[in-house]
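Here is a short briefing to read beside the structure. Keep the 3D view open as you go.

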Amino acid sequence: MVVPDREDSESESSSQKKILYNSVADDNQEKSTKSLIGNLFDSGSDWINENKLLFRYATFSSIAVLGVYGLLNTPFFFRFKDAEKIPAYYFKRRKKLHCRIVHVVRDDVAKNLECQPIRLLLRHLTPLERCLSRPLFDSFTGLKYANESSIRSRNDLLCAEIAGVVSPPPYSVEIGMEEDGAWLKRLAEDRSRVTLQLLSLRSPSPNNRFPSNLEEKNTIVKEKTSIIGHITYRPGTAMFQKDLASSLVLYGRADLENGLYTELDGYDIEYASTSTKDIDKDVEFVSILEENQAKAIHEKWGMWSDKNIRQNFKYKSLVEEVETDKTKTWVRKLWEKVMN
């Protein structure tokens with residue numbers, strides 16, 4: 001008969017005690033965790049019961065905030081705030097945006113050019129903003145007491161260039177006559193409603209050099225990325241809209257560009273339509289601008305009232321051609337048209 005070793009029996013009993021102790025400890029820990037969670041729920045429900053009114057207002061406020069946030073993201077409040085965020089197909093299809101003129105940019109895009117693109121800061125209107133009057137629009141958008149620097153610093157306005165025209169060279173006018181840029185400035189002060197038809201996007205080329213400071217770089221890119229497009233407006237109480245470029249040229253408030261836009265070093269023209277139909281429309285549009293310019297030269301409106309402009313070597317031949325053409329008889333004009 002084999003007698004078990006005493007040391008083996010003692011070790012076996014100690015291991016059993018250890019296992020029993022661990023199981024009891026686990027049970028106690030589980031009970032303490034459950035009791036802790038239960039106590040938290042009890043204290044939370046007690047706090048809610050004690051502050052029912054506060055909890056009710058907090059719940060309703062959260063629902064209201066989420067509802068307003070969801071409403072602001074519906075199409076009724078949608079608008080473009082950055083020209084770079086407009087999809088390419090908007091330009092390809094020459095879609096139109098309803099806007100208001102906020103500011104006329106008077107500084108030059110490229111200081112080495114004599115005549116600069118005429119650039120406007122526009123606010124793309126949401127469907128709701130189209131129904132607002134001028135005072136309500138200024139109050140709603142925070143433009144009521146905004147000055148030039150605060151408007152220029154806003155990042156929710158679209159920069160647009162008027163296609164086909166450039167700013168006129170400096171000219172002098174007689175006392176009482178309209179000064180250079182006064183008419184456009186008045187349109188901006190009145191927050192005139194306009195329709196912007198997208199033609200193309202002028203953006204800085206990748207090779208263009210910018211300051212190393214990241215914040216300054218982003219500011220320059222946003223300011224100089226602009227939309228080139230046709231802009232129409234409704235003058236006074238007129239029923240139909242008129243083309244803004246045609247009005248500027250007709251009254252000598254702008255000069256003609258050689259095409260739809262000015263070529264600037266360091267900038268690329270993107271998303272321009274290559275459709276034959278669109279190109280034919282552009283050619284017709286440029287011819288209308290040329291006819292309006294001839295009328296302005298003959299009537300001596302705006303920049304064409306200045307003798308220095310009319311005798312300038314850049315415009316002298318054009319002025320002589322218009323004056324000569326006005327003295328021709330209709331028979332001679334018809335003959336030249338047939339021969340050409």
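Which strands do the buried residues of helix 4 pack against? They pack against strand 1 (96–105) and strand 2 (117–124). Keep in mind that this is a predicted model. The mean pLDDT of the protein chain is 79, and 73% of its residues reach 70 or more.

**Where to read with care**
- Residues 108–113 have a pLDDT below 50, and this stretch makes eleven contacts in the model beyond near neighbours in sequence.
- Residues 209–223 also have a pLDDT below 50. Beyond near neighbours in sequence, this stretch has 13 contacts in the model.
- Where pLDDT is low, the predicted coordinates should not be read in detail.

- Helix 4 spans residues 134–141, and its buried residues are Phe137, Asp138 and Thr141.
- These three lie on the same side of helix 4, because they cover an arc of only 95 degrees around the axis.
- An α-helix has 3.6 residues a turn, so residues three or four places apart point the same way.
- Pro135 and Leu136 are exposed, on the other side of helix 4.
- Just after helix 4 comes Gly142, with a positive phi of about 75 degrees.
- Phe137 also has a charge over its ring: the charged end of Arg100 sits 4.8 Å from the ring centre.

**Arg253 in its loop**
- Arg253 is found in the loop between helix 8 (244–250) and strand 7 (255–256).
- Is Arg253 buried or exposed? Its relative accessibility is 18%, so Arg253 counts as buried.
- The side chain of Arg253 makes a polar contact with the side chain of Glu178, at 2.8 Å.
- Leaving aside residues up to four places away in sequence, Arg253 touches Pro168, Glu178, Trp183, Ser247 and Leu248.

**Aromatic rings**
- The model has seven aromatic pairs.
- Phe78 and Phe80 form an edge-to-face pair, because their planes are at 75 degrees, with the ring centres 5.1 Å apart.
- Phe78 is partly exposed, at 45% relative accessibility, whereas Phe80 is buried, at 7%.
- Tyr251 and Trp301 form a tilted pair, with 5.4 Å between centres and 35 degrees between planes.
- This pair links distant parts of the chain, 50 residues apart. Tyr251 is in the loop between helix 8 and strand 7, while Trp301 is in the loop between helix 9 (276–299) and helix 10 (307–310).
- Tyr251 is partly exposed, at 37% relative accessibility. Trp301 is partly exposed too, at 33%.
- Ring pairs join Phe78, Phe80, Tyr89 and Tyr90 into a cluster.
- Lys95 lies over the face of Tyr90, 5.7 Å from the ring centre.

Key
Residues are numbered from 1 along each chain as its sequence is written. This is a predicted model: local features need pLDDT of at least 70, side-chain atom pairs count only at pLDDT 80 or more; totals for chains, interfaces and linings use all residues. Side-chain values use heavy atoms; hydrogens and water are left out. pLDDT is the predictor's confidence in each residue, from 0 to 100. Contact means heavy atoms within 4.5 Å. Buried means under 20% relative accessible area, exposed over 50%, partly exposed in between (1.4 Å probe, protein chains only). Helices (H or I, at least four residues) and strands (E, at least two) are DSSP runs, numbered from the N terminus. The arc is that of the directions from the helix axis to the C-beta atoms. A polar contact is a pair of N or O atoms within 3.5 Å; within protein, one must be able to donate a hydrogen and the other to accept it, and residues adjacent in sequence count only if both atoms are side-chain atoms. Rings of Phe, Tyr and Trp (its six-membered ring) pair if their centres lie within 6.5 Å; planes under 30 degrees apart count as stacked, over 60 as edge-to-face and the rest as tilted. A charge sits over a ring if NZ of Lys or CZ of Arg is within 6 Å of the ring centre and within 35 degrees of the ring normal.
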